[in-house]
Amino acid sequence: AHPRTGGPDLVPGGRASSSGDETPDFPAAHVADGDPATRWSSAVADDAWVQVELAAPAKVGRVVLSWQDAYAAAYDVQNPAEGATWRTAERVNDAGRGSETVWLESHAESRFLRVQGVRRATRYGYSLYGIQAYATAG
């Protein structure tokens with residue numbers, strides 16, 4: 001059973017950063033701007049990542065990723081406890097393009113959420129239109 005989640009998307013207004021942007025036209029900030037037409041694109045590397053620092057710590061139970069055609073075939077969703085090392089909350093091995101929902105079984109309260117690439121599906125880098133995150137309810 002998936003955790004109950006609710007409330008507003010925690011990502012808008014968060015501060016995004018990445019392992020590197022393909023060009024200045026596709027910065028990490030685009031995953032957190034709430035605009036479905038803008039996107040982040042990584043350099044061509046399997047281990048590229050993008051992360052968001054949320055406005056306040058939260059126990060995230062559901063993450064929705066909106067992939068462009070250059071998507072990850074495999075990736076980790078990570079959320080470290082405050083001041084701790086990055087910890088994988090969920091690994092996705094059979095990812096696809098488009099909108100993908102990831103349920104997190106580990107509910108550490110954290111201000112950070114990272115999408116860590118494992119394997120690219122195409123010869124390009126990763127490209128994400130947006131990240132949404134919802135807190136566990138109750």
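This is a predicted model: local features need pLDDT of at least 70, side-chain atom pairs count only at pLDDT 80 or more; totals for chains, interfaces and linings use all residues.
**Ground rules.** I number residues from 1 along each chain as its sequence is written, and for side-chain values I use heavy atoms, leaving out hydrogens and water.

**Entry on Arg114.** I looked up Arg114 and found it in strand E8, residues 109–120; strands, marked E, are DSSP runs of at least two residues, and helices (H or I) of at least four, numbered from the N terminus. Is Arg114 buried or exposed? I noted that Arg114 is buried and yet has no salt bridge, where buried means under 20% relative accessible area, exposed over 50%, and partly exposed in between (1.4 Å probe, protein chains only). A salt bridge would need a side-chain nitrogen of Lys or Arg within 4 Å of a carboxyl oxygen of Asp or Glu, but the nearest side chain of opposite charge, Asp47, is 9.5 Å away. For charge, Lys and Arg count as positive and Asp and Glu as negative, while His and the chain ends are not counted.

I then checked what the side chain of Arg114 does meet, and found a polar contact with the side chain of Gln51 at 2.7 Å; such a contact is a pair of N or O atoms within 3.5 Å, and within protein one must be able to donate a hydrogen and the other to accept it, with residues adjacent in sequence counting only if both atoms are side-chain atoms. Leaving aside residues up to four places away in sequence, Arg114 touches several residues, including Trp49, Asp76 and Trp86, contact meaning heavy atoms within 4.5 Å.

**Entry on Asp47.** I placed Asp47 in the loop between E3 and E4, and I count Asp47 as exposed because its relative accessibility is 53%. With residues up to four places away in sequence not counted, Asp47 touches Gln116 and Gly117.

**Entry on Phe112.** I found Phe112 in strand E8 as well, and I call Phe112 partly exposed because its relative accessible area is 22%.

**Entry on strand E9.** I noted that strand E9, residues 127–136, is mostly covered, with 7 of its 10 residues buried. Strand E4 (residues 49–67) runs antiparallel to E9 and is joined to it by 7 bridges; two strands pair if DSSP finds at least two bridges between them. Which residue of E9 is the bridge partner of Trp67? I found Leu128 in that place, and Leu128 is also the bridge partner of Trp40.
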